[in-house]
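These are my notebook entries on one protein chain. I record what I looked up and in what order.

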Amino acid sequence: FEHLARTLTPLGYAVLSFDRRPSPDGDDTSLAVQADDALTAVSALEQEIRAPVGLFGFSQGAWAGALAASRSRDVAFLALVGGSGVSPAQQMRYYTDELLRRAGYDEDARAQLLALRVAVEDVLRGTGDRDHAADLLAKAATEPWFSLAYLPPELPSPEDTWKDMDYDPEPTFAGVTCPTLLVYGADEECSPPEASKQAWRRAARVAGNDDLTIIDLPGCGHIPVEGEPPVPHDFTVADLSPSYTDALHGWFAPASRTARREAT
């Protein structure tokens with residue numbers, strides 16, 4: 001986000017960044033709350049600078065940013081990095097399967113992981129067999145790949161849920177009519193890139209949004225840093241790919257913005 005400010009302020013933009021609010025129950029903050037907060041930030045910045053305001057979102061923030069843009073015509077543009085076009089449950093199945101595949105585990109291990117995740121998801125929905133899921137979890141916890149499964153060693157309590165687990169973002173995308181930039185690493189490992197792009201393209205046709213730009217960053221994964229993913233989370237601004245900087249500069253530059261507006 002520091003890189004975003006460094007890249008965009010020379011082009012005439014003001015950049016407001018803020019931390020996602022913590023959830024009082026310790027779970028993920030719901031996407032609806034994140035979208036509400038984003039629109040509050042849009043309103044505050046709009047009043048401060050008296051100019052159109054858009055939203056930038058990375059990873060989970062892309063779901064929230066799209067939801068906010070679908071709710072308000074005050075959002076002037078949308079720029080999303082690594083955004084998923086499938087539900088959080090589907091996204092995590094893809095991500096963990098990719099982690100195992102890239103680590104060299106065979107089809108049997110990947111099938112075991114998928115069965116485990118589906119069983120745990122059903123328990124979180126309140127429809128699954130807890131004993132069956134607990135048995136699968138206990139067996140998986142002894143496997144060398146379990147650290148890549150992104151699951152706790154024991155089932156959550158019956159009161160625990162995953163509020164947005166089955167959130168389908170495509171209907172939300174169909175409500176986005178502002179200019180939209182989607183950036184993906186060409187070696188994306190976290191969000192299913194092709195399914196996500198297709199969801200956005202279908203939604204843009206429904207919305208009549210002709211200003212949809214999709215850019216793939218060579219040599220990058222989910223985080224726009226060149227190198228074999230996953231990238232350590234202690235990366236710095238200096239580590240970010242020059243192609244990412246070029247993508248932002250090219251899309252946000254005033255001349256590019258004017259050309260897109262005239263084309264539509």
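**Entry 1: the sheet.** I began with the rule for pairing: two strands pair if DSSP finds at least two bridges between them. I took helices (H or I, at least four residues) and strands (E, at least two) as DSSP runs, numbered from the N terminus. I noted that this is a predicted model, in which local features need pLDDT of at least 70 and side-chain atom pairs count only at pLDDT 80 or more, while totals for chains, interfaces and linings use all residues. Residues are numbered from 1 along each chain as its sequence is written, and side-chain values use heavy atoms, with hydrogens and water left out.

I then looked up the pairs. S2 and S3 run parallel and are joined by 4 bridges; in S3, Val 183 is the bridge partner of Val 81. S1 and S2 also pair in the parallel sense, over 5 bridges, and Val 53 has Val 75 in S2 as its bridge partner.

I next read the order of the whole sheet. The 4 strands form an open sheet, S1-S2-S3-S4, with parallel pairing. S1 and strand S4 (212-217) stand at the edges with a single partner strand each, so one side of each is left without a neighbour in the sheet. From one strand to the next, the twist averages 15 degrees. For angles, axes are lines fitted to C-alpha atoms, for helices over the stretch in contact, and values run from 0 to 180 degrees between N-to-C directions.

**Entry 2: helices against the sheet.** S1, H3 and S2 make a right-handed β-α-β unit; right-handed means that, with the strands pointing away from the viewer, the path from the first strand over the helix to the second runs clockwise. I also found that H8 lies across S2, S3 and S4 and runs at about 170 degrees to S4. Contact here means heavy atoms within 4.5 Å.

**Entry 3: the nonpolar cores.** I used this definition: a nonpolar core is a set of buried Ala, Val, Leu, Ile, Met, Phe, Trp, Tyr and Cys residues joined through side-chain atoms within 4.5 Å. Buried means under 20% relative accessible area, exposed over 50%, and partly exposed in between (1.4 Å probe, protein chains only).

Which residues touch the most other members of the largest core? They are Leu 55, Leu 78, Leu 80 and Trp 200, in a core of 25 residues. At least two residues each come from helix H2 (31-49), strand S1 (53-58), helix H3 (60-71), strand S2 (75-81), strand S3 (180-185) and helix H8 (193-207). H3 gives the largest share, 6 residues.

I then listed partners of Trp 200, leaving aside neighbours within four places in sequence. Among them are Ala 66, Leu 78, Leu 80, Phe 173 and Tyr 184. A second, separate core has 20 residues, including Leu 4, Leu 8, Ala 79 and Tyr 244.

**Entry 4: salt bridges.** A salt bridge is a side-chain nitrogen of Lys or Arg within 4 Å of a carboxyl oxygen of Asp or Glu. I found 16 of them in the structure.

In one of them, the side chains of Asp 37 and Arg 21 meet at 2.7 Å, N to O. Asp 37 lies in helix H2 and Arg 21 in the loop between helix H1 (2-8) and H2, so the pair ties together parts 16 residues apart in sequence. Asp 37 is buried at 18% relative accessibility, whereas Arg 21 is partly exposed at 45%.

Arg 101 and Glu 98 form another, with their closest N and O atoms 2.8 Å apart. Both lie in helix H4 (residues 88-102), 3 residues apart, about one turn of the helix. Arg 101 is partly exposed at 40%, but Glu 98 is buried at 8%.

Arg 102 and Asp 187 meet at 3.3 Å, N to O. Arg 102 lies in helix H4 and Asp 187 in the loop between S3 and H8, so this pair ties together parts 85 residues apart in sequence. I also noted one network, in which salt bridges that share partners join Arg 93, Glu 121, Asp 122, Arg 125 and Asp 166.

**Entry 5: a loop residue.** Is Asn 209 buried or exposed? Asn 209, in the loop between H8 and S4, is buried at 9% relative accessible area.
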